Amino acid sequence: MPPLAGQGRCLESVPWRGAPVSPGETTLEVSVSHNDHTGSTLAAHVRQVTGLNPARCYQCGKCSAGCPMAAEMDFRPHDVLRLIQQDKREQLLSGESLWLCLTCETCTARCPNECDPARVIDTLREMVWRDNGGAGAPRHIRAFHKSFLKQIRRSGRIFEFGLVAGYKMRTGSLFSDVGAVPGMLKRGKLALTPTRIKGLDEIRRIFDKCAAAETDAEEP
Amino acid sequence: MARIGVFVCHCGENIGRTVDCAQVAEACGSFPGVVHSVDYKYMCSDPGQLQIKEAIKEKGLTGVVVAACSPHMHEKTFRKAAAAAGLNPFLCEMANIREHCSWIHEDRARATAKAIDLTRFIVEKVKRNQPLVPISIPVERRALVIGAGIAGIQAALDIADGGREVILVEKEPSIGGHMSQLSETFPTLDCSQCILTPRMVEAFQHPRIKLMTYSEVESLEGYIGNFAVTIRKKARSVDDELCNGCGDCQSACPVKKIPSEFDAGLGKRTAIYVPFPQAVPNIPVIDRERCTRFKAMRKGKKKEVCGRCLKACGREAIDFAQEDRLITEKVGAIVFATGYQLYSIGEEQPREHLSGYGEYGYGEIPDVIDGMQFERLASASGPTGGRIERPSDGKEPETVVFLQCVGSRDPQKGIDYCSKLCCMYIAKHTMLYRHKVHHGRAVVFYMDVRAGGKGYDEFVRRAVEEDGAEYVRGRVSRLYRAGDKVRVCGFDTLSGEPLEMDADMVVMATAIQPQPGIESLAQKLSVSYDKSGFINEAHPKLKPVETNTAGIYVAGACQAPRDIPDAVAMASAAASKVLGLFSNEELERDPCVAQVDETTCSGCFHCERVCPYGAVEHLEVRDRGGNLIKVIAKVNQGVCQGCGTCQATCPSKSVELLGFTDAQIFAAINSL
C-alpha cells in the first residue's frame with residue numbers, strides 16, 4: 001500500500017507547467033513532462049529558441065478565429081501549432097501560410113493558454129530562411145522581402161514605385177495588380193519620386209548590426 | 001535497565017531491495033539495551049505483529065522499535081499490537097527506513113548503513129520514553145453549518161435527522177443559495193424550486209436546526225469538539241418576532257428600481273425586500289445603502305424622512321434603530337459550505353490574478369449575458385415570467401449564441417481549471433430556448449464537451465439530436481456590437497473554416513469561482529485554500545470532505561466546482577463525518593502535548609507569546625495559608641497541538657513536550 005500524502009497539501013504548483021526553458025538550457029522538467037525539447041523535433045526547436053511549449057496548445061481555435069489572414073491560409077495559426085505537435089516538418093515549412101502571417105499578433109493577444117502563435121510562426125520563418133539562404137520560402141515572397149529591405153536600406157522608408165518595380169523585376173509578373181494603380185495615384189498613395197529620411201546612417205547601422213548577428217549565429 | 005526489541009521490516013521488496021535488512025537486524029542486536037532484534041518480510045502483517053507481541057511477553061521488553069515505513073502509515077498498527085501485549089503504546093516507535101532511506105537511495109551498502117543509523121537514533125529515544133495516557137476531552141455535540149445553499153441545507157438536515165443540534169448560518173436574507181435561482185435542472189429538466197423549496201421549509205421547521213439568516217461568522221476559537229464561534233447577526237431593520245411576512249411594506253416602499261440580486265440584475269426590487277416570494281424565512285430586510293431614510297440619516301439630516309414602510313406595517317415590526325448583534329455559540333464540529341459565484345468578464349475582478357475579457361466587451365454589451373441571467377430569463381418565476389427576451393429591447397432573440405469556457409481553462413485570464421458544470425447547463429439552456437422559441441437558432445461554441453455523469457452525455461446528445469442545438473468546435477475570438485446585433489467572430493476547427501455570425505443574444509458560461517471573502521473566512525477558521533480560493537480538502541482521494549483542521553469539514557462548490565448531485569453527496573458525507581465525531585461524549589487525543597514544570601517556571605510567559613494556538617494559561621501558586629507565591633504558565637492540554645515552540649523558547653527549560661523531551665532528543669542525536 002502506498003503512503004498517504006501529507007495533510008493540508010497546497011495544490012498550487014503545476015509541475016509540468018513550470019517556468020519556460022530559456023534558450024540552450026535543459027532542465028529537470030524533461031523527466032516530468034515527457035515532452036522532448038532537447039531533440040531535433042520542430043517542437044524542441046521552438047522551445048529552445050523561444051522558451052514556448054507548443055504542447056500547451058489545446059486547439060481551441062481562438063487564434064484562427066481572430067486572424068485577419070485565416071481565409072487566405074492553408075494552415076491557420078492553430079493548424080501551425082498542431083503540425084508542430086505532430087512534427088510534420090515538410091508539410092508545414094514548404095507551404096505559403098507561414099509567409100502570409102502579418103505579425104499583427106491578434107492570435108497572441110487572444111490565446112488563452114500562452115502559446116504565442118505569432119512568435120512561433122516567426123521562429124519557423126527564421127528557421128526556413130536560415131536553412132538555405134531563404135530558398136525554402138516561396139519565390140514571390142522572397143522577392144517582396146528583398147525589394148522591401150532594399151528600399152528601406154536606401155531611403156529609410158518605402159518608395160512605393162521603386163518597391164513595385166523591384167518586385168516585378170524579380171518575379172517577372174509585370175502586369176499583376178495594375179488595376180490598383182489609378183486608384184492609388186488618385187489617393188496620393190503612389191509617389192513618383194523617392195524621399196529620404198534624416199537619420200539614414202542610423203538605419204545603416206541597424207542593418208550592419210543585424211548582418212553581424214546573423215554571421216555570429218551561423219558560426220557554431 | 002532498558003530491554004528494547006528491534007523489528008526490521010523488508011516491506012516486500014520496497015525496503016529489502018535497497019537495504020540489507022538481515023544486516024540491519026544483526027547490527028541493532030549489538031546496541032546497548034537491545035535484547036531482541038529480528039527482520040521479517042512484512043512486519044505489519046498478522047504474523048509480523050504476532051512476533052512483536054510474543055517478544056514483548058517472552059523477553060519482557062520495555063520498548064519496541066519497528067524499522068519500517070513512515071509512522072504516518074503504520075504507527076497506529078504497531079502501537080495497537082504493543083498495547084495488546086501489555087506494553088504502553090507510547091513505548092513503541094518507528095524508524096522510517098523506507099521513505100527516508102530505501103526509496104530515495106540506490107547504493108545498497110550505504111543505504112544499509114543509513115538504515116542502521118536511523119534505527120539507532122530511535123532506539124536511543126525509546127530507551128527514554130515514558131508511558132503516556134491519551135487525553136480525553138469532552139465533545140460539544142452541536143454542529144455549525146456555514147452557508148445555506150443546497151449543500152449546507154443537506155448537511156444540516158442530515159445532522160439534525162441524526163439527532164444532533166445544528167446552527168445553520170447564511171449571509172443572505174434567505175436560505176436556498178444559487179439553486180433557488182435556477183429554472184430547470186439537468187439532466188432531467190425538473191424544476192429547481194420545486195425540489196428545493198420543500199427542503200428549505202424542512203430546514204426552517206426542523207426542531208433541531210437553528211436558522212440564522214443575514215448573519216456571518218465573525219470569529220472562531222477553540223478546537224475539535226470545543227469550538228466557540230461568534231456570529232454577527234446583521235441588522236435586518238425588521239423585528240423577526242413581530243413580522244408576519246404580509247408584504248405591505250414592500251408595496252409601500254417608493255424605491256422600486258434597485259437591480260435584484262436574485263434576478264441576476266435583470267429584475268427590480270424595492271429597498272425593503274424579500275429576495276424572492278418563496279424565501280425562507282419570509283421576513284424582509286432593509287437595504288440600508290439604498291433606503292431613503294438611511295441615506296438621509298447618513299447625510300446627517302435630523303428630520304425623519306420617508307418611513308412609508310413603518311406606516312404600512314400593521315404589526316410595528318419595522319425597527320430603524322436595530323443594530324448588528326454578536327452571538328457566541330459553542331459547537332463541536334463545523335461544515336464549510338459557502339458555495340460559488342460566477343466569474344464576471346468586467347475589468348474589476350475580486351482576485352488580483354484575474355483579468356476580464358476586453359475582446360468580449362468587458363460586460364458592457366447589453367445583450368451579452370451570463371448563464372445565471374439566462375436561468376432567470378427561462379425561469380417561470382423570473383422577471384419575464386419565463387419568456388426569453390433580450391435585455392436591450394425586450395425582443396425575442398432569433399439567434400442565440402452560447403459560449404463555453406469563458407474564463408475557465410484560460411490561464412491567460414487567471415483560471416486554469418475546468419468549471420465542470422458549464423457543458424451541462426449550456427446543453428440545458430439550448431433545450432430550454434428551443435422549447436420556447438421553436439424557430440430560433442441555438443449555436444454553441446465549445447472546446448470539449450465534458451459530460452461525465454449519470455445520464456449526462458445522453459442529455460447533451462439529446463440537445464443536438466432531438467432539440468436542434470448547433471455545436472461548433474472553436475473558441476470565439478471577439479464579440480462586438482453590429483447595429484442591434486452582436487457580431488461573433490469564431491472559427492470552426494472541425495471544418496477548418498472561419499465563421500462570423502450575427503447573434504441577437506449571447507450567453508456566456510462564465511467560470512465558477514469561490515465566493516468573495518472566502519479567503520478571510522478560511523483564515524478565521526485556519527483552513528487552507530488554493531490560489532483560486534477553493535478550500536483544500538485534507539486528501540484529494542481519501543479525505544475528500546475533511547479539511548486540514550480537525551473538526552472542520554467541507555461540502556459543495558466552495559471546495560471545487562460542483563453540480564447539485566455532487567454537492568448533495570459531499571454534504572451527506574460531511575454530515576456522516578460529523579455524526580461519527582458526535583457518536584462519543586469524549587474524544588481521545590494524542591498525549592504528546594506540552595507540560596510545564598511548576599518548580600522551575602519563573603512566569604516570564606515567553607511561551608504564551610509564541611504559542612500559535614493560545615494554549616498557555618496563567619496558574620496562581622499559593623501556600624497553605626492562601627498567600628500568592630507566584631504566577632506561572634499552565635498548558636491547556638485540550639488546546640495544545642504539540643508543536644513544541646514553547647519548549648524551544650523557554651529560557652529556564654521548564655516546558656517539555658511529552659514524548660519529545662530534551663533528554664530523549666539529545667540522547668538520540670548523540671548516538672549518531
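Residue A312(B) belongs to helix α10 of chain B, which spans residues 308-312. In this predicted model, A312(B) counts as partly exposed because 17 C-beta neighbours lie inside 10 Å, whereas a buried residue would need 20 or more. When neighbours within four places in sequence are left aside, the contacts of A312(B) are D248(B), C249(B) and A252(B). A312(B) can also be set against V554(B), a residue 242 positions apart from it along the chain. The C-alpha atoms of these two residues are separated by 43 Å.

The largest nonpolar core comprises 168 residues. Within this core, the residues with the most contacts are V335(B), F336(B) and A555(B). The surroundings of A555(B) may be followed in detail: not counting residues up to four places away in sequence, A555(B) touches several residues, among them A151(B), A155(B), V335(B), A337(B) and V545(B). Its contacts also include A567(B), M570(B), A571(B) and A574(B).

The sheets of chain B may be considered next. In general, the strands of a sheet pair through backbone hydrogen bonds, in either a parallel or an antiparallel manner. One open sheet of chain B contains 4 strands with parallel pairing, in the order β2-β1-β3-β4. Its edges are formed by β2 (34-40) and β4 (92-96) of chain B, each of which pairs on one side only. On average, neighbouring strands of this sheet are turned by 20° against each other, direction ignored. Strand β1 of chain B, residues 4-9, runs parallel to β2(B) and is joined to it by 6 bridges. V8(B) has D39(B), in β2(B), as its bridge partner. Helix α3 of chain B, residues 71-84, packs on this sheet and touches β3 (63-68) and β4 of chain B. The direction of this helix makes about 150° with that of β4(B).

Another open sheet of chain B has 5 strands, arranged as β20-β27-β21-β22-β23, and its pairing is parallel. The edge strands here are β20 (368-370) and β23 (470-473) of chain B, and each pairs on one side only. From one strand to the next, the twist averages 25°. Strand β22 of chain B, residues 441-446, pairs with β23(B) in the parallel sense over 4 bridges. Y446(B) stands opposite R473(B), which lies in β23(B). Helix α12 of chain B, residues 422-436, lies across β21 (399-406), β22 and β27 (505-510) of chain B. Relative to β21(B), this helix runs at about 175°.

What helices and strands are there in chain A? Chain A has 12 helices and 0 strands. Of its 220 residues, 23% count as buried. Among the contacts in chain A with a separation of 6 or more, 59% are between residues 24 or more positions apart.

Finally, the two chains meet in a contact that takes 24 residues from chain A and 30 residues from chain B. On the side of chain A that touches chain B, helix α3 of chain A (residues 62-66) gives the most, with 4 residues. By class, this side of chain A has 11 nonpolar, 8 polar and 5 charged residues.

Definitions and conventions
Residues numbered from 1 in each chain as written. Chains lettered and ligands numbered in written order. Predicted model: local features only at pLDDT ≥ 70, side-chain atom pairs only at ≥ 80, totals over all residues. Contact = placed C-beta atoms within 7 Å. Helix = DSSP H or I, 4+ residues; strand = E, 2+ residues; numbered from the N terminus. Nonpolar A, V, L, I, M, F, W, Y, C, P; charged D, E, K, R; others polar. Pairing = 2+ DSSP bridges. Axes fitted to C-alpha atoms, helices over the stretch in contact; angles between N-to-C directions. Core = buried A, V, L, I, M, F, W, Y, C linked by C-beta atoms within 7 Å. Buried ≥ 20, exposed ≤ 12 C-beta atoms within 10 Å, placed from the backbone.
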